[in-house]
Structure formats: C-alpha cells, structure tokens
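Let's take a friendly walk through a protein model, one spot at a time. Have a look at the picture, then read on.

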Amino acid sequence: MLGVCSGILVSPKEMKMECINPEALVKKSMSKTEVKDIKENAKGLFAKQNIEKGNLITVLKGKTFSKPTRTSIQIEDKQHIEDLEGGYMNHHCDPSAEIIIKNGVYALVAAKRYIVDGEEITFDYETTESELSHPFECDCHGKFIKGRGR
C-alpha cells in the first residue's frame with residue numbers, strides 16, 4: 001500500500017518520518033473543511049479551522065476518468081479524479097492551497113499559505129489541468145482559464 005510521510009505533509013514542524021496510508025490521512029483531514037454557498041448556484045470549500053502553511057487540508061480520492069469533467073482534478077495524463085471535497089474547490093489566481101500529486105493514484109491538498117478559519121480553499125486550475133472541460137473567465141483577474149495545454 002502507498003504511504004505518505006506525515007512529518008513532511010501533515011505537520012512540517014514535527015519532521016517525523018512516520019509513514020501512514022492515504023486512508024489515515026483522509027480521516028485526519030476530514031474535520032478541516034466544509035462546503036458552503038458562495039452565491040446563488042455556487043458553492044465552495046471552506047476551512048473550519050486555521051490551517052498553517054504547508055499543512056494537509058484533505059486527500060483527494062475517488063473514481064478516475066480519462067477525460068476531464070467540470071468538477072474533476074487532473075492527477076496524471078488522461079487521469080482525472082472526482083472527489084467530493086475537490087469538486088467544490090474553486091479556482092483562484094492567488095490560491096490558498098496547492099494540489100500535490102502522489103504517484104498518479106491520489107492527490108493531497110496542502111495549504112499554500114496560512115488559511116484563516118472560514119476562508120475559502122482555492123487552487124489555481126492551470127497548475128493541474130492540461131485542458132478544462134468548461135473553460136471560463138476568472139473572477140480574480142478576468143483571465144481566461146482553459147488549462148495548461150490549450
């Protein structure tokens with residue numbers, strides 16, 4: 001079974017080399033987030049507590065598809081994962097989180113900076129997606145977000 005060293009990804013200050021499996025990471029991270037309404041017909045993923053820079057927010061796991069969907073996150077070439085929490089992570093050009101791909105099997109969401117309780121957890125779609133199924137103009141800078149490969 002694949003493992004991740006918790007000292008590096010879960011709590012960088014501790015620097016323990018204790019390795020744990022992805023299922024344990026999911027249980028450890030579940031209480032950190034919640035889905036909330038942003039505006040009519042739009043939801044987002046929000047922090048339920050303060051999260052230090054570099055700390056694990058959640059683990060993305062789920063069914064994978066060969067083509068992108070509106071809510072999937074690309075974890076390898078022609079491999080897009082559908083995850084409940086990941087599906088609610090919105091784009092931002094200056095995101096609060098980053099996606100760390102692990103062996104093309106699952107992905108970790110880590111705080112890119114200090115995240116305050118109640119703040120939306122976002123990531124830059126163009127850091128993971130080679131092509132979006134639904135390109136759009138972002139609200140942050142008006143930039144057309146289409147993926148890296150387009």
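## A serine tucked away

A polar atom in the side chain of Ser-96 sits 3.2 Å from the backbone oxygen of Glu-120. Bear in mind that this is a predicted model. Is Ser-96 buried or exposed? Its relative accessibility is 0%, so Ser-96 counts as buried. Leaving aside residues up to four places away in sequence, Ser-96 touches Ala-110, Ala-111, Lys-112, Arg-113, Ile-115, Glu-119, Glu-120, Ile-121 and Thr-122.

Strand E10 itself covers residues 97-102, and Lys-102 is part of it. Lys-102 has a relative accessible area of 25%, so Lys-102 is partly exposed.

## The whole chain

Now zoom out. The protein chain has 150 residues, and 41% of them count as buried. Its secondary structure includes two helices and 14 strands. Take the contacts in the chain with a separation of 6 or more: 54% of them come from residues 24 or more positions apart.

How many aromatic pairs turn up in the whole structure? The search finds two aromatic pairs. Here they are side by side:

| Pair | Centre to centre | Angle between planes | Type |
|---|---|---|---|
| Phe-123 and Tyr-125 | 4.9 Å | 45° | tilted |
| Tyr-125 and Phe-136 | 5.8 Å | 80° | edge-to-face |

Tyr-125 shows up in both rows, and Phe-123, Tyr-125 and Phe-136 form one aromatic cluster.

Phe-136 has a relative accessible area of 26%, so Phe-136 is partly exposed.

Lys-36 lies over the face of Phe-46, and the distance to the ring centre is 5.2 Å.

## Cysteines without a bond

How many disulfides does a search of the whole structure find? The search comes back with zero disulfides. Check Cys-93: its nearest cysteine sulfur belongs to Cys-140 and is 3.5 Å away. A disulfide needs the two sulfur atoms within 2.5 Å, so Cys-93 is in no disulfide. Cys-138 is in no disulfide either, and its nearest cysteine sulfur, again that of Cys-140, is 3.6 Å away.

Cys-93 has 24% relative accessibility, so Cys-93 counts as partly exposed. Cys-138, on the other hand, is buried, with a relative accessible area of 4%.

How values were computed. Residues numbered from 1 in each chain as written. Predicted model: local features only at pLDDT ≥ 70, side-chain atom pairs only at ≥ 80, totals over all residues. Heavy atoms only, no water. Helix = DSSP H or I, 4+ residues; strand = E, 2+ residues; numbered from the N terminus. Buried < 20%, exposed > 50% of the residue type's maximum accessible area, 1.4 Å probe, protein only. Contact = heavy atoms within 4.5 Å. Phe/Tyr/Trp six-rings, centres within 6.5 Å; stacked < 30°, edge-to-face > 60°. Lys NZ or Arg CZ within 6 Å of the ring centre and 35° of its normal. Polar contact = N/O pair within 3.5 Å; in protein donor to acceptor, adjacent residues only side chain to side chain.
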